[in-house]
Amino acid sequence: GLMRVRILSAAEEDLEDGFRFYESQATGLGSYFLDSLYSDIDSLAFFAGIHQVVFGYHRQLSKRFPFAVYYSVIDNVALVFAVLDCRRSPSWIRKRLMAS
């Protein structure tokens, strides 16, 4: 069956940061970023749990942007903890995830 998907507030903030960054690059790019990332996240309803575990979370790579969605599966819910730029240093990413 389908899994439920919940985006935690810290991950929503990550998405807003990404939106602002890409929108400052080109008008409309921020909306395209959000559409793409929400589409990636929606697919977790079908695919949650298949992704490699990195720093203790499943990591789903976005199809169109250099971003990764970090989530856990708890009681048939995919909980999205963070949506992070893959170009960040691994130590920065690990610290951000440890804070979740």
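The model on the screen is a predicted one. Within that pair, Asp-85 has a relative accessible area of 17%, and since buried means under 20%, Asp-85 is buried. Arg-87 stands at 55% relative accessibility, so Arg-87 counts as exposed.

How many salt bridges does a search of the whole structure find? The search finds 4. I will go through two others besides the one I opened with.

Take Asp-14 and Arg-96. Their side chains meet in a salt bridge, with 2.7 Å from N to O. Asp-14 sits in helix 1, residues 9-25, while Arg-96 sits in helix 4, residues 90-98, so this pair ties together parts that are 82 residues apart in sequence. Are these two residues buried or exposed? Both Asp-14 and Arg-96 are buried.

Next, Asp-40 and Lys-63. Here the side chains meet in a salt bridge at 3.7 Å, N to O. Asp-40 belongs to helix 2, residues 29-42, and Lys-63 to the loop between strand 3 (57-61) and strand 4 (67-74), so the pair ties together parts that are 23 residues apart in sequence. Asp-40 counts as buried, because its relative accessibility is 1%. Lys-63, at 63% relative accessibility, counts as exposed.

Now the chain as a whole. It has 4 helices and 5 strands. Read along the sequence, their pattern is β-α-α-α-β-β-β-β-α. The radius of gyration is 13 Å, close to the 13 Å that the globule rule gives for 100 residues, so the chain is as compact as a globular protein of that length. Along the principal axes, the C-alpha atoms fill a box of roughly 40 × 30 × 20 Å.

On contacts: among those in the chain with a separation of 6 or more, 48% are between residues 24 or more positions apart.

On burial and surface: of the 100 residues in the chain, 41% are buried. The chain exposes about 5,800 Å², and carbon and sulfur atoms supply 54% of that area.

Last, the charges. The chain carries 11 positive and 11 negative side chains. Where do the centres of the two sets lie relative to each other? They lie 7 Å apart.

Conventions: Residues are numbered from 1 along each chain as its sequence is written. This is a predicted model: local features need pLDDT of at least 70, side-chain atom pairs count only at pLDDT 80 or more; totals for chains, interfaces and linings use all residues. Side-chain values use heavy atoms; hydrogens and water are left out. Helices (H or I, at least four residues) and strands (E, at least two) are DSSP runs, numbered from the N terminus. Buried means under 20% relative accessible area, exposed over 50%, partly exposed in between (1.4 Å probe, protein chains only). The radius of gyration is taken over C-alpha atoms; the globule rule is 2.2 Å times the number of residues to the power 0.38. Contact means heavy atoms within 4.5 Å. Accessible areas come from the Shrake-Rupley method with a 1.4 Å probe; for residues, only the protein chains shown count as cover. Lys and Arg count as positive and Asp and Glu as negative; His and the chain ends are not counted. The place of a charge is taken as NZ of Lys, CZ of Arg, CG of Asp or CD of Glu.
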